[in-house]
Protein chains: 2
Amino acid sequence: MELTPFLQRDGSLPLYVQVYEYIKLEIEQGRLPEGTRLPSIRRLSEHLSVSKNTIEAAYQQLVAEGYVGSKAKSGMHVLSQEELSTASQTAPPVEEEREPSTYAYDFQYGDLDLEHFPYRQWKQCLQKALETGGAEVLLYGNRQGDRGLREEIAKHVLQARGVSCLPEQVVICAGTQQAITFLCQLLELAGQPVAMEDPGYDGVRTVLLQQGCLLQPVAIEDDGISMAELSQSAAKAVYITPSHQFPCGAVLPIQKRMKLLQWAYNTNSFIVEDDYDSEFRYQGQPIPALKALDTGERVIYLGTFSKSFLPAARVSYVILPPILLTRYKKHFQNQSQSASPLIQRALYLFMKEGSFSRHVRRMRKLYQAKHRALLTAIEAYMGERVRVIGQRAGLHLLLEVAGGQSGELVRRAETAGVKVYEPKKYWADPDACPPGLVILGFGGLREEDITEGIRILAEAWACVK
Amino acid sequence: MELTPFLQRDGSLPLYVQVYEYIKLEIEQGRLPEGTRLPSIRRLSEHLSVSKNTIEAAYQQLVAEGYVGSKAKSGMHVLSQEELSTASQTAPPVEEEREPSTYAYDFQYGDLDLEHFPYRQWKQCLQKALETGGAEVLLYGNRQGDRGLREEIAKHVLQARGVSCLPEQVVICAGTQQAITFLCQLLELAGQPVAMEDPGYDGVRTVLLQQGCLLQPVAIEDDGISMAELSQSAAKAVYITPSHQFPCGAVLPIQKRMKLLQWAYNTNSFIVEDDYDSEFRYQGQPIPALKALDTGERVIYLGTFSKSFLPAARVSYVILPPILLTRYKKHFQNQSQSASPLIQRALYLFMKEGSFSRHVRRMRKLYQAKHRALLTAIEAYMGERVRVIGQRAGLHLLLEVAGGQSGELVRRAETAGVKVYEPKKYWADPDACPPGLVILGFGGLREEDITEGIRILAEAWACVK
Ligand SMILES: Cc1ncc(COP(=O)(O)O)c(C=O)c1O
Ligand SMILES: Cc1ncc(COP(=O)(O)O)c(C=O)c1O
């Protein structure tokens, strides 16, 4: 076999590319059929008067693209063209993530009602954003987040949560985990003790650990975080869900709120308040955010659109106390915005025209009905055999099945076609999760499916009344 | 003044909320006019037989919402309703970010051509994604990124960059900074020496520092990173832009590529290849990615849609060598996806129907013309007085003005209505940036504006031939 490309040595094209292109063409046009052995690197480099590096690079490129295979002893040989698409792929077959649920009744926490999603309004907002936004929604946009969106958020949290702030204090982030990453950097928490509720939101725990925080899990009492434990923790910051403890559902009472604030004032610590699902309360008055009570600029408020509107927006927000603004402005001017400016602008329009608050009001009613259906079904089909934990708000609750074991309960449910979940990942030490607990998210299920799902569960668990 | 709400002590509503609601209503309906002093906490708590905490909480809520002001000696008093919107806002007036450019000629790096942006196709893709995507594009979507998008990316990098990978190796991220944050965690780089080109992309430097890496700046030579310095650095990883060094424009020659790979193989280090603007080369053949030569699974490839398509998509991607997949699957199952699933799906559709590659081809021609206009104008108006650095590719170049000082050059340009930028932030030590350098991004300017902008610059800098 003769390989004699015409090499141009004027530097316009690297020699290895020329060699590579030549051999590639020979293979593609069938002049080097499958199985042909290529000359050794040394031989070809001498033949063409080029360096061995050149030939090696050309060969590696051919291998990388799957034209040529390399075997230990026999050297390089031309591969079949049919194999092309897979020949060079060295990745082991890796299990893909779970595909869309195949269960008739999937109590997945995080799912929302999509039947009543305002497709038309949202589509119009997206279109309008694209058509009228110009460079601001096509390029990088404002680093801190869309100015209009920040204004709407400031209005929203004042009206709905009693939180008073200026748009300058609002920083848009791409989801809660990104917000926590940002706060770890802003507060320089790496290497510092940081407290969080135990059990608590695993998504945040993961990030705190990855960011090098010294995690201080603090036990939950019936009325929320243990102040005694927190006080002993030396934490520089605490992550907390005061309005609806995740996952246990407690509401932090006002006395504890005052104590928590006092703790922060006395120790100069920060409180990160995650107000993730406060839109959905079904009993009593909405409880104002902890932030609304903060007179000492120690509470950092964290909100998300993932419960109230659309997880796929991937938009969350941080409200910084003014005391942190200088640091933010100084150190984060190189930080680009991660949430899509286009989505941000659409969300701004959606809020501005009132669609967002209409949507939340509508969803609150809807989820309230689902919630009622869930409690009614549990009461009817399971009765005394189970205890419901955290039933006053939100889109999930915990079920404690007397004498049950979470793993076993989940498996039996699966066999019966119902998907429920083990909550042990929410515990800092998963083994500390009490037996017999399962978590039920109900946002994505229809009322009748909730009822039927619970009926099947009760049977599967043999805890029919 | 008499404040005697009817308090329900059945626990349905916290007492402080009842007190707060009562006073709020009194104020709103004018029964407590502006200036009215509220009773002290002690007095009211005795009067109503509730705890002082209750009253304090109610008052703080009123203060937070701006109904009531608090003065050192005179206690709480009702504020004017007109002041409501600002009274409680304690944030200092903070300078907002620069508004959209007011310069007729803004050579901002990062701006793209928006006149030829495919609005119609992109809008259709967004619509279609929304209409047909279902739960996958409304909820959280696939953690690793939209499956279809990852397939399209795998095809794209094979075809355009000679990089062969499976969709399983592709991880979608929300921009390059987020990708680097992710890699710092995956490779556990906190506290480790990490090398990067100096000068180099400040956006990445910032993240490496924030993530606690020990930054090892490595000098750039005419043909890219200094291998001698890198070898001495003890770095566990190196961040590099081999196809178009940012900001100096060098292309890493094949010999250096081989040496760099050898360094990684010998030291068991990782190479993070940022291939940010490889779509836009105007001379010679596209240079295959460094990743295409990597036989030892040591190169992590990083791509972005911010140059080739749309910064506002906030979509970038990491291609992991198979060796890292197990670690990724194991430790990142709690990590939610930050890029919007809706945008990801739209991008998938855009690529799948061929619009993306058409767009890139079109833009390449367009930018080539702009690039030519820029070089021609510089040659014509500035001639020998300036040196052009890195003119073979991309959407920017550096200009070295003989005898000039960057700061002064920028100011003079501004006065003349042209915005150019100081590149010193790209140097690890900004003082090390040679004098007389400015960076010109030309992606967002029209050909004629480029020419005119350069003419004005030449005058402003008094370097007319
Ligand atoms: C406690 C808590 N906070 C926040 C979130 C929302 O996270 P994100 O904003 O990333 O969607 C969740 C979602 O599951 C949650 O349970
Ligand atoms: C070297 C380099 N990498 C990557 C990017 C793109 O960053 P992103 O993906 O966050 O838009 C840029 C943009 O300026 C850049 O200069």
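This report describes the interface between two protein chains and the surroundings of two ligands in a predicted model.

**The interface between chain A and chain B**

The size of an interface is often given as the accessible area lost when the parts come together. For chain A and chain B, the area buried between them is about 8300 Å², and 57% of it lies on carbon and sulfur atoms. Chain A contributes 95 residues to the contact, and chain B likewise contributes 95 residues.

Polar pairing across this boundary is listed in two ways. There are 21 residue pairs in polar contact across the interface of chain A and chain B, with both residues at pLDDT 80 or more. Salt bridges across the interface of chain A and chain B number 2, while the structure over all chains holds 42 salt bridges.

Side chains of opposite charge can pair when their charged atoms come close. An example is the salt bridge between A:Lys123 and B:Glu131, in which the closest N and O atoms are 2.5 Å apart. Because A:Lys123 lies in helix α5 of chain A and B:Glu131 in helix α5 (residues 119-132) of chain B, this pair joins two chains.

Helix α5 (residues 119-132) of chain A also provides the largest share of the side of chain A that touches chain B, namely 7 residues. By class, the residues on that side of chain A comprise 42 nonpolar, 34 polar and 19 charged.

**The site of ligand 1**

Ligand 1 has 13 residues around it, of which A:Thr176, A:Asp274, A:Thr304, A:Ser306 and B:Tyr140 come nearest. The site is shared between chains, because residues from chains A and B surround ligand 1. The shell around ligand 1 is made up of 6 nonpolar, 4 polar and 3 charged residues.

Several side chains of chain A place polar atoms beside the ligand. The side chain of A:Asp274 has an N or O atom 2.6 Å from a nitrogen atom of ligand 1. Oxygen atoms of ligand 1 are approached by A:Ser306, with a polar side-chain atom at 2.5 Å, and by A:Arg314, with a side-chain N or O atom at 3.0 Å. On its own, ligand 1 has 400 Å² of accessible area, and the protein covers 98% of it.

**The site of ligand 2**

Ligand 2 likewise lies between chains A and B. It is surrounded by 13 residues, the closest being A:Tyr140, B:Thr176, B:Asp274, B:Thr304 and B:Ser306. The shell around ligand 2 divides into 6 nonpolar, 4 polar and 3 charged residues.

Here the listed polar side-chain atoms belong to chain B. A nitrogen atom of ligand 2 is 2.6 Å from a polar side-chain atom of B:Asp274. For B:Ser306, a side-chain N or O atom is 2.5 Å from an oxygen atom of ligand 2, and for B:Tyr109 the corresponding distance to an oxygen atom of ligand 2 is 2.8 Å. The protein covers 97% of the 400 Å² of accessible area that ligand 2 has on its own.

| Side chain | Ligand atom | Distance |
|---|---|---|
| A:Asp274 | nitrogen of ligand 1 | 2.6 Å |
| A:Ser306 | oxygen of ligand 1 | 2.5 Å |
| A:Arg314 | oxygen of ligand 1 | 3.0 Å |
| B:Tyr109 | oxygen of ligand 2 | 2.8 Å |
| B:Asp274 | nitrogen of ligand 2 | 2.6 Å |
| B:Ser306 | oxygen of ligand 2 | 2.5 Å |

Note on methods: Residues numbered from 1 in each chain as written. Chains lettered and ligands numbered in written order. Predicted model: local features only at pLDDT ≥ 70, side-chain atom pairs only at ≥ 80, totals over all residues. Heavy atoms only, no water. Near = heavy atom within 4 Å. Polar contact = N/O pair within 3.5 Å; in protein donor to acceptor, adjacent residues only side chain to side chain. Areas by Shrake-Rupley, 256 points an atom, 1.4 Å probe, with all protein chains shown as cover. Nonpolar A, V, L, I, M, F, W, Y, C, P; charged D, E, K, R; others polar. Contact = heavy atoms within 4.5 Å. Buried area = accessible area lost by both parts, 1.4 Å probe. Salt bridge = Lys/Arg side-chain N within 4 Å of Asp/Glu carboxyl O. Helix = DSSP H or I, 4+ residues; strand = E, 2+ residues; numbered from the N terminus.
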